[in-house]
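Hi,

Here is the structure I promised to pass on.

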Amino acid sequence: MATLMRSGYKTVSHFLSHCKYGRLYSTKITTHYTIHPREQDPRWKDIDMTRYEDVADVVIVGGGPAGLSAACRLKQLANEQEKELRVCLVEKAPEIGGHTLSGACIEPTALNELFPDWKEKGAPLKTPVTEDKFYFLTENKTIPIPVFPGMPMNNHGNYVVRLGNVVRWLGQQAEELGVEIYPGYAASEVLFHEDGSVKGIATNDVGIYKDGSPKDTFERGMELHAKITIFGEGCHGALAKQLYKTFDLRKDCEPQSYGIGLKELWEIDPEKHRPGRVEHTIGWPFDIHTYGGTFLYHLDEGPLVTLGMVVGLDYQNPYISPFKEFQRYKHHPCIAQTLKGGKRIGYGARALNEGGFQSLPKLTFPGGILAGCSPGFMNVPKIKGTHNAMKSGMVAAEAVFETLNNESLASNSPTAGLDPDVYEQKIRDSWVWKELHAVRNVRPSFNTKLGLYGGVMYTGLFYVLGRGKEPWTLSHGGADYTKLKPAAECKPIDYPKPDGQLSFDLLESVALTGTNHDHDQPAHLTLLNDDTPVNHNLAVFDGPEQRFCPAGVYEYVETEDGNGKRLQINAQNCIHCKTCDIKDPSQNINW
């Protein structure tokens, strides 16, 4: 038995099961039950698959700005009208704010509406923007660009914050209003009524071996049922992807376009610290056909700064590594002067919605509603989405509350799950819609032959001067994963080696993310076909997943016989950025 334990087997039954069926699964990259159903796996034959069920009036998926704002607004409305309303919110992070990247510059517009007395309540918005700096970078030079009122980079009236602290504060307000919050519970499945409407969600199962077999500690997730479920998962949520297909929500919009945002938190020399200073750059290290920019914010704590880079995922060269672009950017004299002598204390990455107005899907369906960065309300030229996410959550709450209290609708609904379709018009009547419409052409204007220069000229002429009133709407030109060119048509990029002071390697960075995965659990990253990575991605694009992933999850290694390569997925490194699901040119990876 001791020998078995040292070999990784917890019980004799697990060893025997692995001997009998494990050879089948040991050859597979993907062992997740969504690809290999448990009903067809004898190892699950005698396992009790019963779930505990609970019922609420509203279930909210996601404890970010949108989900928490929706929760707060729902309870405000219920308390104002003395209505009983049970609101439950589930969040995958072990604590509210735990998966929120620190450092942001936010507009307080939505917060002013949700909590007019937020200052008295102690909201962690302590640092108003005091300086706005905007630069065009060449490899060694810095060219200042004046920041005038009306420009996207004008941050007068905004606040530099640690967004995780703001989210935690929103969570505290929600609980004080009576919202039930369940951190550490990831919603893994959408549940449906027999009539096809959404019934609620199920949380993830736990206690499963990496080969897909059940552990002795296996526990089924629980079901949360609701009259209406608000999905605020954030950018490219797994459940939202399912809903798009089930209800064909994207049939009347363009494919979503994305960027990857990489961010670091630094403790710098106190003499260089300027609380409230905000810096943005365009230009180097990108070529003119790769959309991207950077930011550096001086926080009120520390002395701390947060800096980051956004790279459009419609880039063409498969040899681009967003992570390595970010690392070499820090060596530019304009940036290095701030960081030298400092210490990096945090790292993270997330995908961002960049499609804007053109890519907004239908927002409601029987039994549910989409809010926040899940459908994509980010203002791309401003690099800001928190205020729009919060407002969309608040509008969603008002639509849901109105629907639940419409007795005629409730009694005559054609489906068991209620459709809060008034949300569509309410969001169109809000300032969110006006804001996104005004900037709708900024991002796609960079897709011309003039690239960066064409985009800057268009933004100055039609947005800064015309406020987006031009009578046309530009197209993004297709999904991001279709934009990669074959490796044979592109030049490999020779990135400098990290120096360990300003730039760092990938694994050293992942260690700072705070994400944690059990090594002995099925990878949540699944492949539709295990052969496609080598036969298509490696053969045609030289394996771009080993470069676009900012966490070293994917690598091509020699096969055991030495006659070729195979894809290895290091799922324990995953930092939940969703880039692989978006940029994979074969659309074979499912997050």
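Lys241 and Asp581 are joined by a side-chain salt bridge, with N and O 2.4 Å apart. Keep in mind for this and everything below that the model is predicted. Across the interface of domain 1 and domain 2, the rule finds one salt bridge. The polar contacts there come to four residue pairs, counting pairs with both residues at pLDDT 80 or more. On the side of domain 1 that touches domain 2, the residues divide into three nonpolar, four polar and four charged.

The contact involves eleven residues of domain 1 and ten of domain 2. How much area is buried between domain 1 and domain 2? About 850 Å², with carbon and sulfur atoms giving 47% of that. Three residues stand out on the domain 1 side: Lys210, His236 and Lys241 supply 52% of the area that domain 1 buries against domain 2, more than any other three residues.

Now the salt bridges in general. Side chains of opposite charge can pair when their charged atoms come close. The count for the model is 27 by this rule. One to look at is Arg73 with Glu398, where the closest N and O atoms are 3.1 Å apart. Arg73 sits in helix α3 (residues 65–80) and Glu398 in helix α9 (residues 386–404), so this pair ties together parts that are 325 residues apart in sequence.

There is also an open sheet of three strands, in the order β3-β7-β4, with antiparallel pairing. Its edge strands, each pairing on one side only, are β3 (104–106) and β4 (127–128). Two bridges link β4 to β7 (residues 159–161) in the antiparallel sense, and Pro128 has Tyr159 of β7 as its bridge partner.

Last, two backbone details. Most residues other than glycine have a negative phi, and most peptide bonds are trans. Where does the model have a cis peptide bond? Such a bond joins Trp284 and Pro285, with omega about 15°. Pro285 belongs to the loop between β15 (277–283) and β16 (292–298). Asp248, a residue other than glycine, has a positive phi near 50°. You will find Asp248 in the loop between α6 (238–247) and β14 (258–267).

Cheers

Methods
Residues numbered from 1 in each chain as written. Predicted model: local features only at pLDDT ≥ 70, side-chain atom pairs only at ≥ 80, totals over all residues. Heavy atoms only, no water. Contact = heavy atoms within 4.5 Å. Buried area = accessible area lost by both parts, 1.4 Å probe. Salt bridge = Lys/Arg side-chain N within 4 Å of Asp/Glu carboxyl O. Polar contact = N/O pair within 3.5 Å; in protein donor to acceptor, adjacent residues only side chain to side chain. Nonpolar A, V, L, I, M, F, W, Y, C, P; charged D, E, K, R; others polar. Pairing = 2+ DSSP bridges. Helix = DSSP H or I, 4+ residues; strand = E, 2+ residues; numbered from the N terminus.
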